[in-house]
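This report describes selected local features of one protein chain. Please consult the sequence and the structure shown below while reading.

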Amino acid sequence: MSFLHNLTCRRCFNRTFATALVATPLAALAGRRASAADRKLSPVPGNPNSVRSQVLDKAADALQVKKPIDAMSEYLNGFHFYADDMGRQVEANHFCTHLNEDFHQCVIYEANQTDAKLLGIEYIVSERIFKTLPEEEKKLWHSHQYEVKSGMLVAPNVPDLGEHAFMADLVTTYGKTWHTWQIDRNPDFPFGIPQLMMGFTGDGQIRQSLLDDRDRRFDISTQSERRNRADIPLSDIVPGANAWQGGKTMQLQLVEMPVKNLRT
């Protein structure tokens with residue numbers, strides 16, 4: 001059973017994580033900070049929350065059970081680019097649920113902060129599942145091999161031994177990502193329609209300043225992460241993934257359609 005699979009809920013994470021720490025050499029904890037430095041995020045339109053709204057929110061938080069949220073056990077930081085424009089690159093903070101050994105589902109925020117905007121979603125499947133998908137469906141998916149091996153994808157705050165286990169599980173997986181907020185063009189409001197996103201597959205593709213800024217805020221080194229993962233084995237990327245590499249890709253467009261079964 002994988003390290004990821006053991007972290008099945010947020011409430012049991014501390015117990016599992018503490019057990020892992022006991023078996024983790026102290027050297028593996030070096031360089032891990034409690035949290036990344038917060039960024040200044042642009043506000044959304046509207047007035048600040050009233051005292052009444054704050055009280056209602058606190059009451060709801062205390063009284064309501066939110067099982068899908070509690071099941072989010074994994075936090076990953078990485079980067080995406082728009083499938084049809086590699087120049088549009090954004091940081092993506094994933095909060096994921098491990099539904100089973102072959103399937104994760106993640107919500108994506110611009111930062112790990114209380115005021116962060118929800119950017120989109122990502123579904124992650126194993127290589128075994130990806131191979132079974134129709135060829136047209138595969139065009140919507142990207143591999144995670146380079147993101148893992150390059151050190152670009154990180155699991156903040158997880159000790160080196162645990163993060164290595166995370167990444168060994170993820171290196172052969174595939175993701176389908178939709179961003180509903182084009183944060184790079186419209187930081188203040190979610191204009192437009194969802195956009196298909198992709199992951200990087202080689203050196204020199206990501207904007208270095210974007211990577212450097214992430215490393216500075218998290219106090220990590222992508223190059224050190226790369227060296228730590230040199231022993232993670234690879235498998236051949238399944239044909240059909242990373243369709244953008246052929247020079248053409250899939251992307252959503254807004255078109256007007258007749259309404260079926262209209263009732264007024």
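This is a predicted model: local features need pLDDT of at least 70, side-chain atom pairs count only at pLDDT 80 or more; totals for chains, interfaces and linings use all residues.

**Strand pairing and the disulfide**

Strand β3 has pairing partners in both β2 and β4. The table sets out the two pairings.

| Strands | Sense | Bridges |
|---|---|---|
| β2 and β3 | antiparallel | seven bridges |
| β3 and β4 (residues 118-125) | antiparallel | seven bridges |

Between β2 and β3 lie two residues, and the two strands form a hairpin. Within this pairing, His98 has His104 in β3 as its bridge partner. On the β4 side, Val107 is bridged to Ile121.

The count of disulfides comes to one: Cys96 is joined to Cys106, with an S to S distance of 2.1 Å. The pair links distant parts of the chain, with Cys96 in β2 (residues 85-100) and Cys106 in β3 (residues 103-109), 10 residues apart. The link is right-handed, with 105 degrees about the S-S bond. Both cysteines, Cys96 and Cys106, are buried.

**Helix α9**

Helix α9 spans residues 208-218, and its buried residues are Leu210, Leu211, Arg214, Asp215, Arg217 and Phe218. Viewed down the helix axis, these buried residues fall within an arc of 165 degrees, so they line one face of α9. An α-helix has 3.6 residues a turn, so residues three or four places apart point the same way. The buried residues of α9 pack against β1 (74-82), β2 and α10 (222-228). Just after the helix, Asp219 adopts a positive phi of about 55 degrees.

**Asn242**

Asn242 lies in the segment after α10. Is this residue buried or exposed? Asn242 has a relative accessible area of 3%; burial requires a value under 20%, so the residue is buried. Leaving aside residues up to four places away in sequence, Asn242 touches Trp141, His142, Ser143, Thr201 and Ile237. With Ser143, the side chain of Asn242 makes a side-chain polar contact of 3.0 Å. Phe200 is 42 residues from Asn242 along the chain, and the C-alpha atoms of these two residues are separated by 9.0 Å.

How values were computed
Residues are numbered from 1 along each chain as its sequence is written. Side-chain values use heavy atoms; hydrogens and water are left out. A disulfide is a pair of cysteine sulfur atoms within 2.5 Å. Helices (H or I, at least four residues) and strands (E, at least two) are DSSP runs, numbered from the N terminus. Buried means under 20% relative accessible area, exposed over 50%, partly exposed in between (1.4 Å probe, protein chains only). The arc is that of the directions from the helix axis to the C-beta atoms. Contact means heavy atoms within 4.5 Å. A polar contact is a pair of N or O atoms within 3.5 Å; within protein, one must be able to donate a hydrogen and the other to accept it, and residues adjacent in sequence count only if both atoms are side-chain atoms. Two strands pair if DSSP finds at least two bridges between them.
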